Amino acid sequence: MVEHTGIRVVHRGGSKINFREPVITSDSRFLLCGSGESVKVYSTSTEECVHDLQGHTDLVTGVVLNPSNHLQAYSCSADGTVRLWDFTDGILIKTFIIRYHIFSIHVSEKHVGVLFVVVPMANEKGSELFQLVAVHLPRSGDPEVEVGELSAVLCDVSPNPGAVSFGTGGEYIAAAKGLQLEVFFFKKQKSYRFSLKSGMNKGINNSFTCISCHPKEDCIATGHADGKIRLWRNFNQKKEYTYSTLHWHHNAVNTLRFTPEGTNLLSGGIESVLVQWRYTQENQKDFLPRLGAAITHIAVSPDGSLFCTSHADNKITIILSSVKVSAIIQGLVKDDCVRTDLMIDPRSKALVLNGKPGHLQFYSLHRDKQLYNLDIVQQEYIHEQGVDQFQVVKAAFDTHGDWLATVEERRQKSSELEINLKLWSYDEQTQSFVLNTTVTAPHEDQITAMCFSPSPETTLLVTTSLDGHFKAWLLADHSDTEESASWSCDFVGGYHLLKPGCCCFSADGSLLAFGFQEVVTVWSPTSWELLTTLSQPPGAVRDLCFGRLSCSKYLLGTSTKNQLCCWNLLTCSLEWNTPMDVSLLQADPFSENMAAFCSQSGSTDLFVFKPSEPRPLFSKKALCTGKVERAIFAPRDQMLESSEEYSQWLNRSQLYFLTQHMDLMTFSTKTEEDRLLASSKQLMVDDSVAITPFYLLLGRHKQQQQEKQELLTNPLAERTPLPQGSIAIKELLDTPAHVLPSASFLCSMFVRSLLVSSSSASCQDAMLTWGMLLPG
Amino acid sequence: MGEFKVHRVRFFEYMPTAIRAMSFNAHTERLALARVDGSVEVFNFADRYFQEKVIPGKDAHSIEALCWVGGRLFSAGLHGEITEYDLENLRPKYSLEAYGGPIWTIISNPQGTHVIGCEDGTVKLFEVLAEGVQFERNLDRQKGRIISLSWHPSGTRIAAGMMDMIRVFDVLTGHAIQRLLVDRSVGGCKSRETVVWTVVFLSDHTIFSSDSAGKVQVWDGHTGTLVKTHQLTKWDVLALSVSKDESSVVAGTSEGTVVQFQFIAPNLQQQEKEWVRTRTFKNHTHDVRALVEIGTAIVSGGMDTQLVVRPLLEKFEEKCFASGLRRIHFPHRNLVSCAQKARLLLLQFPGQLELWRLGESDGHGKPGDILPLKTKPEKLLYLKRKGKDHICCSALSSCGGWLAYSTVSSVRLYRLQTDNNISITKVPKLPKVLRSAHQLCFSSESSYLFAASSQSSVLFGCSCLGENDCEVHVYNLQKLELHCMVPMYSSCPSAMGIHPTTNNLTMVHADQQIFEFSIAEKQYTVWSRKLQMQGLHNLWLNRDTPVTHVTFNPKNPDQILLHDMYMFCIIDQSLPLPDQKTQFYNQMTLRSLSEQERPSHLHAFKVCKSFQDLMCMRLLDDQSLVVVERPLMAINSQLPAPVRQKKFAT
């Protein structure tokens, strides 16, 4: 088998936006946060992603505003570089190569041209000790600069960026680790250490978790693992230092932040309540409760008008200073495990999977944004360890997306399993799913598989369970009564009291296959007649899949004993089989292709094949470490036209999968990357000209001109050349704004200049663009 | 360490009363403490917080405030009198009616002038003379009672806390020059007046006030304006105290917390300072009624009856005795007397005496077993004192035939019959000289009663010894004359005993040093010198409470038995002394060793910690031990319920 290098495994969408503290720009219009390998720029008012700053080749571990230019931001990454961005235009300005795994970045207005980064003591990945070093940025015009000069400031600091903070005017830096607080004064070049007594013998964990320095006064606030906040004062003395203690949080304080004026202190923790303490009036506090999930970071805009909190469920909440939520930026919610399969909502083409506890989330892969959450369990979630809650374990859509079936279960210790099957119908008016039928205890034991019949005539749902039965559920039409249609059980079947593990409909819905442990049975869903049984070498059936389109005569099955078998349903015989430990078999709904994820010695290999052909179309060894349990073929919004054989399988759909560490990965082909590169090239500009929207517009025109010329040389070109109006535009743009006549006059002149040309759609384009630009 | 049959006595229902007021004399390092029952205790802070003096209380004579003038101690209370105490004879010297109704507070200024605040709204100035106090004049009379007072350090102004307001008086003219209104509680009842429990006047004319609405307020005394309000609690803030350098103020609340305020520069480079609330200490379960900041520590006491010394760790360069948190629960003297022969226990309460007969058991068992009782312990006698004065000491002869107790006004001796039918008869006509005694003691054969009247003393055996200001005198009882004096030692002896056979005097001091003095040779014994040469183990020296009793094992003359609140110890003089490297608490280790290995690990100090909260430990004549415990849990359970506090998750 040949390895294909043209296809790369990439992160696309769904990365963590709560990994590090976000940054609000000084005009409070944008919010910057590291997201996987890129930095995302969101609008704080519309929640939309404005720019995706790409360039880092590893996880982004910190974003800070450039203290000397508020329109620029530094980002640091595990790839050992610090990059300077113009975030309003999304342009990479400079790359500083540091060659250490950087864990966090800190800046201060007082230290111009110096960055403070946390790197491992020894340059190894597994190192446990970290140090804070000052990076003196070299003044050089090159876009890529190697930084040579690093000077250590503090040794043995915490890699958590929340545990380091600059004090009043950058005169000192405070860092906390374990039970020790260290304050380093730059002027005196002297550090003071304060340690707390370990309360471990009393069952208290009072180690430091986070730190924030008061912006005006010399006061350091520290958060502790036991929920206390300490305010340290007089810390320029070894003995006479003092602190006061505030206590509201019942669990560790995750993050602390003073507002820019220092009048308030914000704190957050697992309680998912934002607490606002009045500085020096600490018993007056405001709360913003029910923020949904544990607060991991708090950021405050430089003017203090906006706060934002990052949450454990991959969410950023933007909060007005009046403690009101104004916007929520929600990423893909990733719990530590996904119990449902990955699904595609046929209507919205959104990825559907477990979200918040008891919810299904609809996540748009193209826009990298959560569309909405559907509350399945409809019960209040209680945050407490050891409390068993209902969990959504199965979900399925029918072919048109009219019906959604969900299964929730709860198993309390030493009590019976509770299962609910819920059927949801799509409501056109509210554009969401409405609960239609709830079946309590549809089976006596766990439901192992569930699928809708793809046939257009009947709406049929089949569930299989460990209690040895499968059940067919039909939408019973009560047209004679006033009641709306509801679902009821139509048929209960089984096979020799074996436990069914999986089920699958053929593409046209005429056949239904069940895997009863070692035996595959094929049924007719119309008459509920057992058509045939296919047995195979030992090992329970793990996955079953019918072929599609030209391969619909084939049924594929995988077993726990490392077998991948293909039966021909016309002859009812085994067509071929091959020894493989297939952990997941996934059929592409738009082609004959099948994807098989095989786990082999701790990593996963992927094979893409057609059932009719013995040779795989594509294979990739060591895709990722660990087992792949969930994958899905998602349709593309734009077909790719790849001619190369190995990437043709990605033309119509895209394969997404979840790794063991809950990273959503996908495959990108060369053509796709070329296309992306082309779109980003539009933003590439000469260094000689200032980058302005005007320039970009002009540049686009230039580009179009070039294209037109190219087209002219092409005999197939039909379009007329660009109108002469471009000269007028140029004139208009080159003249300084204050000497220009009024806009109304200009507009008519400008339109007239466009009318000179004979006629074409292109001038309309230009007008539209202008029309959009002028009000701004 | 030898095996004993132990009587574990828990029927002594000793109940200390709440602490009401405190006053610290920085010059002599003595803390005077007043309890709700009217008793006054003096602790020596230079000598490991040893309770030097106890002046018993009196019925209907509660104390609201204490104050020192030089070495003299004054108190005032709701009975309306100013009392000066005779600290030599441990009794009130005189009382002076102030004619202003109940007195809420008494303070003095360095010039030696007293002021008191009265219920009728007058602030009265008294002059302290050599032989007494004399009324000088009244300041302007106000409406409403005067709860608290504070002198400005210059002596020209007085701040007075009243109901709903604070007034500042000019002492020269006697007029009120400022009126500071204190808000009523925000959440609570608006009609309820706010009581300004304490005020503190600082030299920069800043006034601190604490009130019943849970606030500590900072005022500018020049302009009479409010600078800052700190809402500490929903309940009362009852006590305030300022440090000597005026850089720290502590406040005690009803929730049992002590909150510290410090005078700190908000910006480290600048000189300007402001008062910031800093640390919170929680060492009490109930109201903190009295609070003193003594420079290196915060001393607090309140409803939960314990005295807590919370050191300020930043004032200490290294770990030492004073840098540890100390809690003083029990008096540093004996409240239990034991008749070793008759197996009787005499329990002393302020108002009565109880005589108990110990239970008996003839069972045998392994160490640690609980033996079945043949006869239950039995309360034989309940003797109520006569008169208003509380009992200050009591004694029981070892044969059980005699009983004596003393109050500040009289000594009573009783003849006891406990064999079949219990009877008690007062011995009349005690000598007139014996008006009161600080210590009472029967001789071992019960033929003599020794009473120490003018100074605290302990009397023993065929010799008698008294102590005064850490001096120990030995008297010869046959000749009734002073035999010799033990060399002076700086620390007060907390317990001593004379060995019945060797006639050696063993003394344990408040600083935990042990001396053995041979009365016959009038010098320290060889063992004592060896002990001093080698030094005591650090773990012994750093124990919390003083040794309150020393006794000897008549069967084994090498053994000295002593105990404090948390342990009892047998010192075996025949065994080697431990040095700093040896494991001091070695009983567990010894138990795990085999018989052959044990002798090499033995040392002279055998400490047993299996009995806690010890009030008394005695060795009976039949070689069984009596251990009187008073568990602190039992004391806490008898306290009134504390103020309601919101507890998390309730």
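**Salt bridges and a positive patch**

A:Arg347, A:Asp402 and A:Glu428 are linked in a network of salt bridges. The model is predicted. Over all chains, the structure holds 34 salt bridges.

- A:Lys422 and A:Glu408 form a salt bridge, with the closest N and O atoms 3.3 Å apart.
- A:Lys422 sits in strand 37 (residues 417-427) and A:Glu408 in strand 36 (residues 403-411), so the pair ties together parts 14 residues apart in sequence.
- A:Lys422 counts as buried because its relative accessibility is 5%, under the 20% cut-off.
- A:Glu408 is buried too, with a relative accessible area of 2%.

**Chain B: strand-to-strand links**

- B:Arg30 meets B:Glu52 in a salt bridge at 2.7 Å, N to O.
- This pair links distant parts of the chain: B:Arg30 is in strand 3 (residues 30-35), B:Glu52 in strand 5 (residues 50-55), 22 residues apart.
- B:Arg30 is partly exposed, at 21% relative accessible area.
- B:Glu84 forms a salt bridge with B:Arg72; the closest N and O atoms are 2.8 Å apart.
- Here strand 8 (residues 81-86) holds B:Glu84 and strand 7 (residues 72-76) holds B:Arg72, 12 residues apart.
- B:Glu84 is buried, with a relative accessible area of 1%.

**Chain A: a positive surface patch**

- A:Lys188, A:Lys190, A:Lys238 and A:Lys239 form a positive surface patch.
- A:Lys238 lies in the loop between strand 21 (228-233) and strand 22 (242-247) of chain A.
- A:Lys238 counts as exposed because its relative accessibility is 68%, over the 50% cut-off.

Definitions and conventions. Residues are numbered from 1 along each chain as its sequence is written. Chains are lettered from A and ligands numbered from 1 in the order in which they are written. This is a predicted model: local features need pLDDT of at least 70, side-chain atom pairs count only at pLDDT 80 or more; totals for chains, interfaces and linings use all residues. Side-chain values use heavy atoms; hydrogens and water are left out. Patches are made of residues with over 30% relative accessible area and no salt bridge: like charges are joined within 9 Å, nonpolar side chains (Val, Leu, Ile, Met, Phe, Trp, Tyr) within 5 Å. Accessible areas come from the Shrake-Rupley method with a 1.4 Å probe; for residues, only the protein chains shown count as cover. A salt bridge is a side-chain nitrogen of Lys or Arg within 4 Å of a carboxyl oxygen of Asp or Glu. Lys and Arg count as positive and Asp and Glu as negative; His and the chain ends are not counted. The place of a charge is taken as NZ of Lys, CZ of Arg, CG of Asp or CD of Glu. Helices (H or I, at least four residues) and strands (E, at least two) are DSSP runs, numbered from the N terminus. Buried means under 20% relative accessible area, exposed over 50%, partly exposed in between (1.4 Å probe, protein chains only).
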